[in-house]
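The following note concerns the salt bridges, a surface patch and an annotated domain. Please read the points beside the sequence and the structure.

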Amino acid sequence: MKALILVGGFGTRLRPLTLSMPKPLVDFGNKPMILHQIEALKGAGVTEVVLAINHQQPEVMLNFVKEYEKKLEIKITFSQETEPLGTAGPLAVARDKLVDESGQPFFVLNSDVICEYPLLEMIEFHKTNRAEASIMVTEVDDPSKYGVVVTEEGTARVESFVEKPKHFVGNKINAGLYLLSPSVLDRIELRRTSIEKEIFPKIASEKKLYAMVLPGFWMDIGQPKDYITGQRMYLNSLREKTPQELATGDNIIGNVLVHESAVIGEGCLIGPDVVIGPGCVIDSGVRLFGCTVMRGVWIKEHACISNSIVGWDSTVGRWARVFNITVLGKDVNVADAEVYNSGVVIEEQGL
Ligand code: GDD
Ligand code: MG
């Protein structure tokens with residue numbers, strides 16, 4: 001089976017992290033976002049993953065692919081657009097890579113969604129309903145920033161699909177995970193086009209689009225606040241599924257993931273809902289909660305970080321406070337006792 005991951009967005013809502021790294025490679029739970037998906041696809045029997053890229057620095061993506069193709073024993077290839085073609089156009093570009101004689105359906109995933117990926121159940125669902133396209137849906141409180149899916153009363157058949165509705169139509173939303181039969185490709189022209197606005201509404205009107213309700217947690221982690229919420233959900237699910245991966249100790253509260261190469265000093269209080277990356281040094285007396293500390297970060301004595309993201313190789317000074325959805329980019333230096341209350345911080349450029 002094949003799969004395509006849409007990795008060509010600009011990731012503007014996750015700046016400044018995406019100034020240093022393409023969004024799909026930004027770490028989440030101590031691994032690149034798309035690795036969560038590739039591992040799940042492999043688990044569902046996918047043998048080839050096509051990454052639909054457009055502008056990304058190819059060498060960064062290439063290094064990622066080289067490393068994980070081997071580690072995961074899965075074929076990973078690129079399909080590159082010469083200009084951004086939206087969420088459907090890339091499928092037309094990758095057409096030959098997705099279809100083979102078997103006529104099997106293929107997965108399509110948005111690269112920034114995190115959940116438990118019940119992909120085997122999705123294959124069953126698609127078959128049972130003889131769907132042309134199946135999408136996973138989940139319920140959210142504020143559906144306005146998503147694609148909203150309305151199903152026929154008492155069935156899984158989609159009646160209508162409305163991308164980012166202006167008025168309330170329902171709160172069941174497109175979770176960004178699809179299983180598509182090859183015939184869907186015949187509906188997509190080779191131009192900039194949106195699967196949500198142009199393709200799904202058409203398939204729904206022909207009664208061939210089906211929605212499977214996603215069990216478990218879900219979050220689009222493409223914006224800082226949602227990334228932090230998604231991390232809390234992800235750590236919760238680790239607690240249920242593989243609690244041995246989480247840190248324990250007197251200085252740990254709730255769900256905390258610490259890379260084995262990170263060093264944590266005396267008298268720190270860490271958690272709940274914290275991820276500490278490889279090579280991090282956390283000096284004594286530091287307080288961390290609801291935050292991500294990415295690879296190579298140094299947090300000095302008595303600093304306090306909450307509900308924020310600290311980008312790769314940054315340094316946070318003594319007694320500094322970083323809180324309320326602050327995102328530090330890569331290589332940022334927060335001075336001793338400095339305070340950041342929300343917003344984004346990028347590295348100072350040398351003169
Ligand atoms: N190759 C390629 N080319 N990929 C693209 C392009 C493009 O021109 N534009 C966007 N993408 C990729 C992004 O990288 C992302 O993985 C995916 O397409 C969706 O784009 P987002 O920018 O993240 O869309 P969204 O979050 O506003 O909305 C989408 O996701 C929601 C769920 O998270 C829609 O699919 C909504 O319907 C859905 O509810
Ligand atoms: Mg998104």
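1. Arg187 and Glu132 form a salt bridge whose closest N and O atoms are 2.9 Å apart. The two partners come from distant parts of the chain, 55 residues apart: Arg187 is in the loop between strand 11 (172-180) and helix 7 (195-205), and Glu132 is in the loop between helix 6 (119-128) and strand 8 (133-139). A salt bridge here is a side-chain nitrogen of Lys or Arg within 4 Å of a carboxyl oxygen of Asp or Glu. Helices (H or I, at least four residues) and strands (E, at least two) are DSSP runs, numbered from the N terminus.

2. On provenance, this is a predicted model, in which local features need pLDDT of at least 70 and side-chain atom pairs count only at pLDDT 80 or more, while totals for chains, interfaces and linings use all residues. Residues are numbered from 1 along each chain as its sequence is written, chains are lettered from A and ligands numbered from 1 in the order in which they are written, and side-chain values use heavy atoms, with hydrogens and water left out.

3. The classes are buried (under 20% relative accessible area), exposed (over 50%) and partly exposed in between, with a 1.4 Å probe and protein chains only.

4. The structure holds 22 salt bridges. Among them is the pair of Arg157 and Glu152, at 3.2 Å from N to O. Arg157 is partly exposed at 26% relative accessibility, and Glu152 is buried at 15%.

5. Arg191 pairs with Glu198 in a salt bridge, with the closest N and O atoms 2.8 Å apart. Arg191 is partly exposed at 33%, as is Glu198 at 34%. Separately, salt bridges with shared partners join Glu132, Arg187, Lys202, Glu206 and Lys208 into one network.

6. A nonpolar patch on the surface consists of Val263, Val281 and Trp298, which together have about 250 Å² of accessible area. Val281 lies in strand 18 (residues 281-282) and is partly exposed, since its relative accessibility is 32%. Patch residues have over 30% relative accessible area and no salt bridge; like charges are joined within 9 Å, and nonpolar side chains (Val, Leu, Ile, Met, Phe, Trp, Tyr) within 5 Å. Areas come from the Shrake-Rupley method with a 1.4 Å probe; for residues, only the protein chains shown count as cover.

7. An unreviewed UniProt entry places the feature "domain: Mannose-1-phosphate guanyltransferase C-terminal" at residues 252-346. Over residues 252-346 the chain is 0% helix and 46% strand, with its end C-alpha atoms 30 Å apart. UniProt positions follow the numbering used here, feature names are shortened, and annotations may be inferred rather than shown by experiment.
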